[in-house]
Amino acid sequence: MLIVMNHNASPDQIEAVKAQIVEIGFQPCPMPSDTRMAIGIVGNDGAVDPGPFQDLPGVASCIAVTSAYKQVSREWRAEDTVITLPNGTRIGGGELVVMAGPCSVESREQLLETAEHVARAGATVLRGGAFKPRSSPYAFQGLGEEGLKMMAEAREKYGLAIITEAIDHESLELVEQYADIIQLGARNMQNFALLRRAGRSPKPVMLKRGPSATIKEWLLAAEYILAEGNQQVILCERGIRSYDEATRNTLDVTAIPLVKRLSHLPVVADPSHGTGRRPLIAPMSRAAVAAGADGLIIEVHRNPDKAKSDGGQTLFPEQFTELMTGVRLVAEALGTPVQTNPFALQQA
Ligand code: PEP
Ligand code: MN
């Protein structure tokens, strides 16, 4: 339940509502806005009786929150969540953000060269995995902390923010020290202990949709993070498993406008994992932008044919530049500003 206060409610009246929430055994979650204060009730599983609240001084209304994923829902918070990164990138405020880089960090040269290219083409966030969740235990598992250091160097050099995956508690401890956004991968979407740990991190988290997860399961997974206190969550649609082997996954474009209706959290699309096939990435990027995605995350490598992971779905640098041209045209047609990288502007 959400208790909406009158716009002129006094601090004492707000405190009295919070005390009443504690009295019935739950926690108050104050949500100030420009016009009025709302206080959410957390900790309850099921409906809360509005009786003890509706006649308290200063209370305007009590709104039942019907979604199972409460704090993630638009009922809880009507305005879009906007996440601001240290390099000024804003995610979720109606502008388009582009994240790009290799699937895995493989070497300093590979990363810096790719980072420079994506920054020049206009990306503002660099992706690159240092801890890789691989289907085979014999496949390349990532460079670990060395890879994170390379990501940090690329951030400094090219004015980027960095996003990188944590696969367990141990890697999360390290990733949160380096990253601007912690990525939680599709395979970990329902690793509830890891979600809770990420919910206690001060860093924004990007939660990828599980390969077979329903929208409700995905939003409930995000709720685990918010319930621990971390409100900076980005949702990433990265394709779901279907019967058709013609693509690696099926990018669920419908999920983009749907989730944006259900939730205030930003939604980013990953057409690289979402299709698994290089020629499909640019068209599906344009489709995702047209569907209202707040951002894209794209795999790019200086030489994808030599990539240690996901080469077949990774763009050559020039293909990424072309993708950006098409994406900008679609964004412009929709009146959506595309975030720019100051490094690219300096070089122009
Ligand atoms: C990745 O981003 O490289 C990755 C492993 O993604 P996902 O978790 O969506 O498979
Ligand atoms: Mn990948």
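Predicted model: local features only at pLDDT ≥ 70, side-chain atom pairs only at ≥ 80, totals over all residues.

User: Which residues lie nearest the centre of the second largest pocket?

Analyst: Met31, Trp76, Arg77, Ala78 and Glu79. The whole lining has 20 residues.

User: Which elements give two or more residues to that lining?

Analyst: Strand E1 (2-5) and strand E2 (27-32). The largest share comes from E2, with four residues.

User: How does that lining divide into nonpolar, polar and charged?

Analyst: Ten residues are nonpolar, five are polar and five are charged.

User: OK, now the largest pocket. What volume does it have?

Analyst: About 580 Å³. Its lining has 23 residues. Nearest the centre of this pocket lie Asn44, Asp45, Ala68, Lys70 and Glu223.

User: And which elements give two or more residues there?

Analyst: Helix H6 (192-199) and helix H7 (215-227). H7 provides the largest share of the lining, six residues.

User: What about the classes in the lining of the largest pocket?

Analyst: Twelve nonpolar, six polar and five charged.

User: Which domains does the lining of the largest pocket draw on?

Analyst: Domain 1 (2-63) and domain 2 (83-347) each give at least three residues.

User: While we're on domains, what separates the centres of domain 1 and domain 2?

Analyst: 37 Å, taken over C-alpha atoms. The domain assignment of the chain is what gives those two, 2-63 and 83-347.

User: Switching to helices. At what angle do H4 and H5 pack?

Analyst: About 15 degrees. H4 covers residues 145-158 and H5 covers residues 169-178. Their axes are 10 Å apart.

User: Parallel or antiparallel?

Analyst: Roughly parallel, because angles under 35 degrees count that way.

User: Left-handed or right-handed crossing?

Analyst: H4 passes H5 in a right-handed crossing.

User: Next pair, H10 and H11. How do their axes cross?

Analyst: At roughly 20 degrees, and they come within 9 Å. H10 is residues 278-290 and H11 is residues 317-334. That angle makes H10 roughly parallel to H11.

User: And the handedness of H10 passing H11?

Analyst: Right-handed.

User: Last topic, backbone. What phi does Asp310 have?

Analyst: A positive one, about 55 degrees, although Asp310 is not a glycine.

User: Why flag that?

Analyst: Because most residues other than glycine have a negative phi.

User: Where is the place of Asp310?

Analyst: In the loop between strand E14 (295-299) and H11.

User: Give me a quick recap of the two pockets.

Analyst: The largest is about 580 Å³, with H7 giving the largest share of its lining.

Definitions and conventions
Residues numbered from 1 in each chain as written. Chains lettered and ligands numbered in written order. Heavy atoms only, no water. 1 Å grid on protein atoms, 1.4 Å probe; cavity = no way out; pocket = protein on both sides within 12 Å on 5 of 7 lines; lining within 4 Å. Points joined across faces, edges and corners; volume = space filled by probe spheres on them. Nonpolar A, V, L, I, M, F, W, Y, C, P; charged D, E, K, R; others polar. Domains from an automatic or database assignment. Axes fitted to C-alpha atoms, helices over the stretch in contact; angles between N-to-C directions. Parallel < 35°, antiparallel > 145°, perpendicular 65-115°, else oblique. Left-handed = near helix turned anticlockwise from the far one by under 90°.
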